[in-house]
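Take a look at the fold below. This report picks out a helix pair, some strands and one more helix.

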Amino acid sequence: MANFYRDNEDMKFHLEHPLMKKIVALKERNFEDKDKYDYAPLDFEDAMDSYDRTLEIVGEICGDIIGPNAEGVDQEGPTVVNDRVIYAKGTAENHEALTKAGLIGMSLPREYDGLNFPIVPYVMAAELVSRADGGFANIWGLQDCAETIHEFASKEQKAEYLPRFAKGATAAMDLTEPDAGSDLQAVQLKATYNKEEDQWYLNGVKRFITNGDGDVSLVLARSEEGTTDGRGLSMFIYDKKHMAVKVRRIEHKMGIIGSPTCELVFTNAPAELVGSRKMGLIKYVMSLMNGARLGVGAQSVGIAEAAYREGLAYAKERRQFGKAIIEFPAVYEMLTNMEAKLNASRSVLYETSRFVDVYKSYFHISHDRSLDKEERMDMKKYQKLADVFTPLLKLFASEFCNEIAYDSLQVHAGSGYMKDYPIERLVRDARITNIYEGTTQLQVVAAVRGVTTGAYLNQIKEYEASDLNPQYEYLRTTLKGMTAKYEEAVAKVNEINATADHNDFLDFHARRLVEMAGYIIMGYLLLTDTTRNDKYHSSCEVFIKMGKAKVASYLEYIMSSELKDLGIFKK
Ligand SMILES: Cc1cc2nc3c(=O)[nH]c(=O)nc-3n(C[C@H](O)[C@H](O)[C@H](O)COP(=O)(O)OP(=O)(O)OC[C@H]3O[C@@H](n4cnc5c(N)ncnc54)[C@H](O)[C@@H]3O)c2cc1C
């Protein structure tokens with residue numbers, strides 16, 4: 001009778017953040033649904049209560065079904081029979097349990113049989129599912145595709161596809177091809193329009209597609225003949241009922257075994273255009289990927305939570321030299337650092353989710369009525385924050401997830417290297433998080449805009465000026481010192497970069513600059529958490545110590561670096 005929501009008070013702490021009042025008000029629009037649907041909330045407290053109760057159900061399914069199934073799914077994996085994917089037995093059971101409980105399509109409006117949940121509780125559910133089974137989290141999390149259909153598809157398409165999610169439809173996001181990985185502008189899958197039939201057809205190959213045999217797929221394809229870049233790409237919906245896409249094979253992977261990664265062959269597959277032609281990559285896929293990056297952030301935190309718990313439990317139980325190994329400074333330091341990174345990741349995950357919630361709610365409201373000037377400015381502010389926080393979150397949460405899983409295995413030592421403990425699977429599952437939905441290097445490419453436009457610095461200054469517990473003023477002083485170092489590093493990189501006719505110097509130091517900003521931002525987030533609840537004090541102190549040392553070392557590296565030094569690194 002495990003409950004992954006109830007046994008983790010950090011979830012409720014983040015759910016009860018003060019900004020939720022604004023988010024719920026925007027999402028529920030004066031609670032206008034209460035007269036139409038008997039399950040719609042009456043007021044703020046009622047809405048929060050419904051999130052809490054729903055997450056309790058998610059927590060129970062995770063603890064009782066998905067978690068216990070994880071080992072079996074990892075051993076069995078999915079198979080391909082007659083060009084179709086067959087899930088492992090446990091995967092099918094997990095999916096059925098979540099569908100029966102009405103937990104697919106959570107963020108969709110009630111008119112499409114969704115729960116109209118904000119992103120925050122939806123992401124919390126994703127974190128819980130990921131803690132139970134990181135691989136299964138992909139199959140469940142691809143309901144993100146429904147959110148993209150809701151945002152950009154026509155009224156008729158929404159009416160056709162969205163209600164299917166609540167009935168358990170699964171989805172896929174078909175972007176990658178053999179020659180188009182990080183560089184999606186190179187996508188070649190061909191979309192051809194047949195004028196007489198008023199019908200689009202897709203032909204070509206996609207690879208590495210998670211749940212590629214899903215019921216509803218969003219496909220990025222080249223609709224404009226003779227083009228070679230992103231402006232020739234459009235987005236399409238493909239419905240599995242046409243049976244015109246074959247699963248050629250599924251990959252033999254290192255981790256997330258239960259999640260089928262498919263190679264797909266499209267042969268005259270009928271498809272529907274979403275939104276406008278040529279906007280596929282520039283607008284729709286960008287939005288889809290931002291949602292999916294938030295999902296991988298949640299997946300990373302969920303896997304990290306599981307890994308941390310395994311490490312802690314083992315360290316308490318295992319005895320060497322006459323005492324529990326948790327009593328050795330080398331071991332408790334590892335565990336404390338893991339906990340600090342986990343809490344920092346979770347804080348930036350829910351901060352980003354709140355930013356997305358505010359701007360997306362305005363976005364949907366703007367389809368029904370025009371926003372006033374103040375609302376437009378508010379939407380813009382939160383959209384900009386969401387844009388720079390999403391890659392920062394994905395980068396840190398996935399890298400920390402890997403570090404936490406690695407260190408947890410180290411705490412287990414020899415036993416962790418065996419298949420006898422879950423940590424071996426968790427390390428393998430963690431490894432994908434900093435690769436898909438854009439590698440860490442590609443997150444840096446997106447996040448560095450937050451450095452060059454000053455967006456991170458502006459937000460850091462906002463945190464710096466906020467009400468923080470006066471007892472911990474010394475931590476604010478430390479963070480101010482780190483900020484001064486960050487500004488010094490940015491100035492030096494900008495100065496040298498301006499002397500060249502290329503951006504190599506900026507690109508070379510981009511990860512260091514983004515990480516410096518990230519350590520300061522997460523330091524402030526943990527300090528804010530500590531102001532709300534002193535339980536986070538130790539993580540806050542430890543994380544800021546860690547961040548201070550990182551920021552100092554990065555500054556030293558940057559200050560001693562010149563443009564000509566890049567030559568040493570070139571291969
Ligand atoms: C298990 C799994 C599931 C997946 N699921 C899906 C899915 O559902 N849908 C989908 O469409 N795709 C999916 N993918 C594809 C995934 O998104 C890509 O693998 C990923 O984006 C990286 O592309 P690539 O593997 O071709 O690497 P490459 O693009 O070849 O990158 C190789 C290396 O070069 C670096 N690099 C490349 N370009 C740059 C640059 N501009 N600046 C700095 N460094 C750079 C990368 O960081 C990396 O280190 C999945 C992949 C895996 C492994």
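The crossing of α7 and α8 is left-handed (the near helix is turned anticlockwise from the far one by less than a right angle). On the α7 side, Ala-146, Ile-149 and His-150 make the contact; α8 supplies Lys-158, Tyr-161, Leu-162 and Phe-165. Contact means heavy atoms within 4.5 Å. The two axes come within 10 Å and cross at roughly 155°. Axes are lines fitted to C-alpha atoms over the stretch in contact, with angles from 0 to 180 degrees between N-to-C directions. α7 and α8 are therefore roughly antiparallel (angles over 145 degrees).

This is a predicted model: local features need pLDDT of at least 70, side-chain atom pairs count only at pLDDT 80 or more, and totals for chains, interfaces and linings use all residues. Residues are numbered from 1 along each chain as its sequence is written, and side-chain values use heavy atoms, without hydrogens and water. Helices (H or I, at least four residues) and strands (E, at least two) are DSSP runs, numbered from the N terminus.

Now the strands. Two strands pair if DSSP finds at least two bridges between them.

| Antiparallel pair | Bridges | Opposite residues |
|---|---|---|
| β4 (190-194) and β5 (199-210) | five | Lys-190 and Asn-203 |

β4 and β5 form a hairpin with four residues between them. In its turn, Asp-198 has a positive phi of about 55°.

Last comes α16, residues 473-497. Its buried residues (under 20% relative accessible area, 1.4 Å probe, protein chains only) include Leu-475, Tyr-486 and Ile-496. The buried residues of α16 pack against α14, α15, α17 and α18.

How values were computed:
The expected span of a helix is 1.5 Å times one less than its number of residues. Buried means under 20% relative accessible area, exposed over 50%, partly exposed in between (1.4 Å probe, protein chains only). Angles under 35 degrees count as roughly parallel, over 145 as roughly antiparallel, 65 to 115 as roughly perpendicular and the rest as oblique.
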